[in-house]
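My notes concern helix packing and the surroundings of a ligand.

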Amino acid sequence: MDKAGYPINLFEFEDAARRVLDKGDFDSVVGGATDELTIARTRQVFDSILLRPRRLVDVSHRDLSTTVLSSRVSFPVMLAPSGGHQLVHPDGEVATVRAAGSAGLLTVLSVGSTRPMEEVAAAAKGPLWFQQHILKDKAIQHDLAERAKEAGFCGLCLTVDSLGFGKRERDLRNSWRPIEGQGSSVINYSPYFGGPGLKAPSQLPELIDTSATWSDAADFVAQTTLPVVIKGILTAEDARLCVESGASGIVVSAHGGRNLDTTVTSIEVLGEVVDIVAGAAEVYMDGGVRRGTDVVKALALGARAVLIGRPIFWGLAVGGAGGLRATLEILRDEIDLTMALTGKSTIGSIDKSLLMVGSVPGVPISRV
Ligand SMILES: Cc1cc2nc3c(=O)[nH]c(=O)nc-3n(C[C@H](O)[C@H](O)[C@H](O)COP(=O)(O)O)c2cc1C
């Protein structure tokens with residue numbers, strides 16, 4: 001515990017969240033698809049990457065700030081889109097954006113948020129992107145994007161890896177069902193119920209267009225004046241298609257191992273995506289980021305910033321906006337310390353030379 005009574009690292013936040021949450025709810029957040037091998041591998045990969053610290057560099061003034069697209073953030077971490085924050089705290093996403101804003105960070109709000117996007121935007125102090133899917137009903141898809149723009153979101157995030165939920169065996173074992181308004185929410189879709197595209201909430205799972213191809217992604221980008229970040233990319237081939245579709249950013253992501261198990265992990269393929277994109281879009285990554293050293297490793301492999309998913313829920317569960325703010329501060333302090341101890345005083349100076357050649361499994365890193 002720290003002085004305020006909060007846990008001292010993100011793993012201990014997870015333990016504290018386990019103690020306060022119902023087992024089914026906790027498992028629904030931390031769990032993944034089938035054998036959860038991608039989740040385990042992600043941590044193994046992060047832990048196996050070795051740092052090469054430099055000495056006697058002036059690190060007396062350290063600047064952790066950077067930009068993501070046009071937004072300045074106080075350190076290179078974003079809050080990943082994740083539905084259902086009211087599952088773990090009654091203030092839900094309103095608490096999330098308050099904590100993120102007070103830490104100087106950007107939140108990507110899920111279309112599955114448990115508070116309406118307009119209410120969340122009104123409560124936010126930091127920059128926001130809105131996360132959507134490619135829908136069968138293009139009128140609803142377009143209207144959601146327009147509402148986000150109207151409400152003040154400065155970017156859209158198009159998630160392309162969620163054509164169906166993964167087989168989440170913890171949920172099956174626990175007979176866990178989200179309660180409407182808590183673990184799952186249709187609140188952002190409620191204006192469309194009864195309309196031609198969406199007669200009833202029960203139709204929502206079928207709303208995602210499983211026939212969508214890259215031309216639909218290009219149409220999504222073209223339908224809005226907001227910059228679009230495509231999330232869920234795990235190959236260089238698809239990263240190239242993101243750029244060709246007009247995306248401004250790419251989130252290398254395995255969806256936290258929640259949809260398809262035994263994929264490559266995002267940290268392993270980050271380097272190949274960065275190489276092929278070659279600066280044509282910003283590249284971010286998520287999955288398993290729990291330590292300041294993880295953030296610095298991802299930056300060294302070329303990520304502009306990282307996103308965190310499950311730690312949002314742990315922070316909220318433990319202490320609402322205050323608990324989440326404490327979680328974010330821990331990450332900030334750990335990034336700062338890692339920079340000091342590796343001889344880096346700015347985010348821009350973190351590069352591949354910080355990593356031991358060959359310590360990213362399967363990825364030969366040539367030193368800069
Ligand atoms: C409970 C939960 C809900 C999520 N909901 C969404 C979502 O609505 N949209 C989305 O694009 N990703 C969603 N994700 C995936 C996250 O955006 C992110 O990719 C993942 O959590 C990152 O891994 P981490 O949890 O290990 O940090 C969700 C993740 C969790 C844990």
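The entries below take the helix pairs one at a time and then turn to the ligand.

**Entry 1. Basis.** I noted at the start that this is a predicted model. I also reminded myself that two packed helices are described by the angle between their axes and the distance between the axes.

**Entry 2. H2 and H12.** I looked up helix H2, residues 23-30, against H12 and found an angle of about 150°. Their axes are 9 Å apart. Angles over 145 degrees count as roughly antiparallel, and H2 and H12 are therefore roughly antiparallel to each other. I then listed the residues that meet: Phe-26, Val-29 and Val-30 on the H2 side, and Arg-310, Phe-313 and Trp-314 on the H12 side. Sorted by class, this contact has five nonpolar residues, no polar residues and one charged residue.

**Entry 3. H11 and H12.** I next examined the pair formed by helix H11, residues 292-300, and helix H12, residues 310-342. The axes of H11 and H12 come within 7 Å and cross at roughly 60°. That angle makes H11 oblique to H12. I recorded the crossing of H11 and H12 as right-handed. From H11, Gly-292, Thr-293, Val-295 and Val-296 take part in the contact, and they meet Leu-331, Glu-334, Ile-335 and Thr-338 of H12. I counted four nonpolar, three polar and one charged among the residues of this contact.

**Entry 4. H9 and H10.** Here I consulted helix H9, residues 236-244, and helix H10, residues 266-277. The two pack at an angle of about 40°, and their axes are 9 Å apart. H9 and H10 are therefore oblique to each other. The crossing of H9 and H10 is right-handed. In H9 I found Ala-236, Glu-237, Ala-239, Arg-240 and Val-243, which meet Glu-272, Val-273, Ile-276 and Val-277 in H10. The contact of H9 with H10 holds six nonpolar and three charged residues, and no polar ones.

**Entry 5. The ligand.** Which residues are closest to the ligand? I found 21 residues surrounding the ligand, and the closest are Pro-81, Ser-110, Thr-159, Asp-286 and Arg-290. I then looked up individual atom pairs. A backbone N or O atom of Pro-81 lies 2.6 Å from a ligand oxygen atom. For Asp-286, a polar side-chain atom lies 2.7 Å from an oxygen atom of the ligand. For Gly-83, I noted a backbone N or O atom 3.1 Å from a nitrogen atom of the ligand.

Definitions and conventions. Residues are numbered from 1 along each chain as its sequence is written. This is a predicted model: local features need pLDDT of at least 70, side-chain atom pairs count only at pLDDT 80 or more; totals for chains, interfaces and linings use all residues. Side-chain values use heavy atoms; hydrogens and water are left out. Axes are lines fitted to C-alpha atoms, for helices over the stretch in contact, and angles run from 0 to 180 degrees between N-to-C directions. Helices (H or I, at least four residues) and strands (E, at least two) are DSSP runs, numbered from the N terminus. Angles under 35 degrees count as roughly parallel, over 145 as roughly antiparallel, 65 to 115 as roughly perpendicular and the rest as oblique. A crossing is left-handed if the near helix is turned anticlockwise from the far one by less than a right angle, and right-handed if clockwise. Contact means heavy atoms within 4.5 Å. Ala, Val, Leu, Ile, Met, Phe, Trp, Tyr, Cys and Pro count as nonpolar, Asp, Glu, Lys and Arg as charged, and the others, Gly among them, as polar. A residue is near a molecule or strand if one of its heavy atoms lies within 4 Å of it. A polar contact is a pair of N or O atoms within 3.5 Å; within protein, one must be able to donate a hydrogen and the other to accept it, and residues adjacent in sequence count only if both atoms are side-chain atoms.
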